Amino acid sequence: MLLLVLALACVARAAIIEHHWDIEYVDYNMENMFTRKAIGINGKWPIPGVVADKGDTLIIHATNKLKEPTSLHSHGIFQNGTNFYDGAAMVTECGIPMNGTFTYTIELNQAGTYWIHSHFKSQTADGLRTSLVIRDPDEVYEYDDEIILPLEDWFREPAKTLIKQFNNPDPRIRFKPIVPYAIVGGTCANSKRLHLAPGKTYRIRLLNIGASFDFHFSMEAHTLRLIEVDGVMVKERVTHGVTVGTGQRASILVTALNTTDNNYVFHADMYTDLLQMPRYNPLNFTGTIEYSPKARIKRVRSAMWMNINDLDLEPLDAEPMLEADQVVTLDAYSGVFSDQSFRHSFNNVTYAVPQIPTLLTALTMGDYANRTEVYGKQTDTHILKHLNVVEIVVNNHDYYSHPFHLHGHVFQVIEMGDLRSKERRVKTALNTPVKRDTVVIGGGHYAILRFRADNPGVWLFHCHIDFHIMLGLQMTFVEAPDKIQSRLEHKLPDMYRENCVAQGIRTTGNALGGGDAIDLGDQDQINPSPYPDQFESADPPSGWTLISYILQG
């Protein structure tokens with residue numbers, strides 16, 4: 001009887017959260033400084049966030065009113081059994097055609113801080129992004145209220161203009177400084193006010209939903225307690241500041257002071273090592289911690305730039321360190337390729353989209369789906385065995401950082417270190433490594449990541465700097481092809497294939513849409529298909545002399 005009561009309570013607590021979204025262009029005025037087109041929802045930008053509870057079902061009816069296809073990716077949501085709702089255009093779906101509609105139905109079996117964004121071209125940089133917060137009815141930490149604080153970089157120039165700059169083979173053009181503005185919690189950072197009541201404890205959810213810059217968040221005169229990273233609850237860590245790279249999220253607890261005599265300042269400073277802009281780096285943005293509208297601002301110079309190393313964090317579930325069954329090594333480089341454009345690559349392969357979604361190739365190629373050839377060379381596909389523990393060794397040979405994100409999983413952060421000196425920090429003190437879905441790997445550094453392949457599907461691994469995705473820094477995991485076929489084939493919604501047909505995209509066959517051929521041979525030229533001409537990355541130890549030449553212009 002008790003079990004029945006508990007089951008009924010769980011059913012009663014679950015809800016259907018339904019949204020109808022018209023994805024359309026919006027004129028956004030940035031504090032009367034400039035106006036430019038943004039991609040908004042239902043005429044609004046910034047886009048209002050989505051809030052739900054664990055166990056709810058999120059339904060988004062997305063209608064595309066843009067002049068190109070689009071898609072929606074729920075960043076950090078595993079989509080276990082619903083890979084076709086992952087939203088990666090030409091990877092797990094064909095995208096939503098112009099004037100078309102697609103309904104994403106997502107079972108929210110996770111709790112934590114996530115976000116929703118486009119996964120078509122560089123639409124995220126143009127504004128198609130918002131927060132997704134899933135509250136846990138059985139919250140571990142106690143607090144009185146929460147503040148959801150998306151952090152966004154916003155440029156005067158549209159993304160297509162910036163892509164042309166970053167794609168230019170001339171370093172004097174490519175590294176020309178661009179200075180974004182900061183949007184915090186839906187408004188210009190310097191206008192933002194965080195309203196705190198004396199003595200109350202707040203959970204502040206920080207989400208870097210921008211295109212390229214890191215954010216460092218701190219609050220003068222206040223102590224922060226980190227409790228979550230990327231949807232994973234961790235043992236509390238006291239800090240003065242938290243850095244969130246592009247795509248990362250963090251939750252902190254802050255207990256308000258017991259007086260309303262003064263207001264204070266919070267920092268949402270932006271930083272990048274991608275561009276050489278010493279006069280602007282970091283870009284300092286501050287807002288107000290408001291206890292009383294009449295109180296004066298008291299400056300306290302205690303807020304420091306400090307980071308908590310991922311290797312020092314422990315998840316609350318205390319999952320032991322996994323032992324690897326399969327190792328995938330990825331060398332990240334950037335450089336000028338044979339088509340005289342600047343691109344990024346893993347293992348000398350710059351990603352190009354296939355002519356049919358990779359998921360459909362996995363679903364329709366039978367036993368050949370276990371062969372990497374059918375997915376095309378430039379999808380850089382690796383086949384994963386079901387339930388294997390996969391170790392990814394990521395060597396970042398660039399001189400700047402990359403925030404790498406894995407779809408469909410969280411990974412344990414096992415080890416990080418310096419490629420140049422071979423000085424390594426190994427995860428030995430704690431045998432329960434932190435888990436997250438996005439990790440920042442510094443220039444000239446490496447990381448070792450591990451996850452269990454327990455979610456059959458097609459999952460991207462890529463840099464989350466929007467412009468680097470466009471320049472080819474992503475690859476594909478096809479996880480358990482036989483399980484994909486047996487579990488997903490009959491679950492595809494009708495409008496999935498209808499959207500493919502509407503765009504003239506085939507729904508069966510190999511990466512070129514060429515039937516059941518295994519070896520694509522000379523036809524495997526997914527446009528564009530350049531090859532390395534010269535690398536301009538740090539290939540330690542000798543390669544760093546080339547970088548100094550580039551930076552001097």
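**Close-up views of a predicted model**

F346 is buried, its relative accessible area being 0%. This residue and the others shown below belong to a predicted model.

**View A. The aromatic pair of F346 and F404.** The structure holds 19 aromatic pairs. In one of them, the ring centres of F346 and F404 are 5.6 Å apart and the ring planes meet at 35°, so the pair is classed as tilted. F346 belongs to strand β23 (residues 342-346) and F404 to strand β26 (residues 402-406), so the contact ties together parts that are 58 residues apart in sequence. F404 counts as buried, at 0% relative accessibility, and F346 is likewise buried, with a relative accessible area of 0%.

**View B. The disulfide of C94 and C500.** The count of disulfides in the model comes to one. C94 is joined to C500, with an S to S distance of 2.0 Å. The link is right-handed, with 95° about the S-S bond.

**View D. An aromatic cluster.** Five residues, F84, Y85, F102, Y104 and Y496, form one aromatic cluster.

**View E. Arginines over aromatic rings.** R36 is placed over the face of W154, at 4.1 Å from the ring centre. R174 is placed over the face of F342, and here the distance from the ring centre is 3.8 Å.

**View F. An open sheet of seven strands.** The strands follow the order β11-β10-β9-β13-β18-β15-β16, and their pairing is mixed. At the edges of this sheet are β11 (187-188) and β16 (232-239), each of which pairs on one side only. Within the sheet, strand β15 (residues 224-229) and strand β18 (residues 249-255) run antiparallel and are joined by four bridges. E228 has S251 of β18 as its bridge partner.

Technical notes. Residues are numbered from 1 along each chain as its sequence is written. This is a predicted model: local features need pLDDT of at least 70, side-chain atom pairs count only at pLDDT 80 or more; totals for chains, interfaces and linings use all residues. Side-chain values use heavy atoms; hydrogens and water are left out. A disulfide is a pair of cysteine sulfur atoms within 2.5 Å. Rings of Phe, Tyr and Trp (its six-membered ring) pair if their centres lie within 6.5 Å; planes under 30 degrees apart count as stacked, over 60 as edge-to-face and the rest as tilted. Helices (H or I, at least four residues) and strands (E, at least two) are DSSP runs, numbered from the N terminus. Buried means under 20% relative accessible area, exposed over 50%, partly exposed in between (1.4 Å probe, protein chains only). A charge sits over a ring if NZ of Lys or CZ of Arg is within 6 Å of the ring centre and within 35 degrees of the ring normal. Two strands pair if DSSP finds at least two bridges between them.
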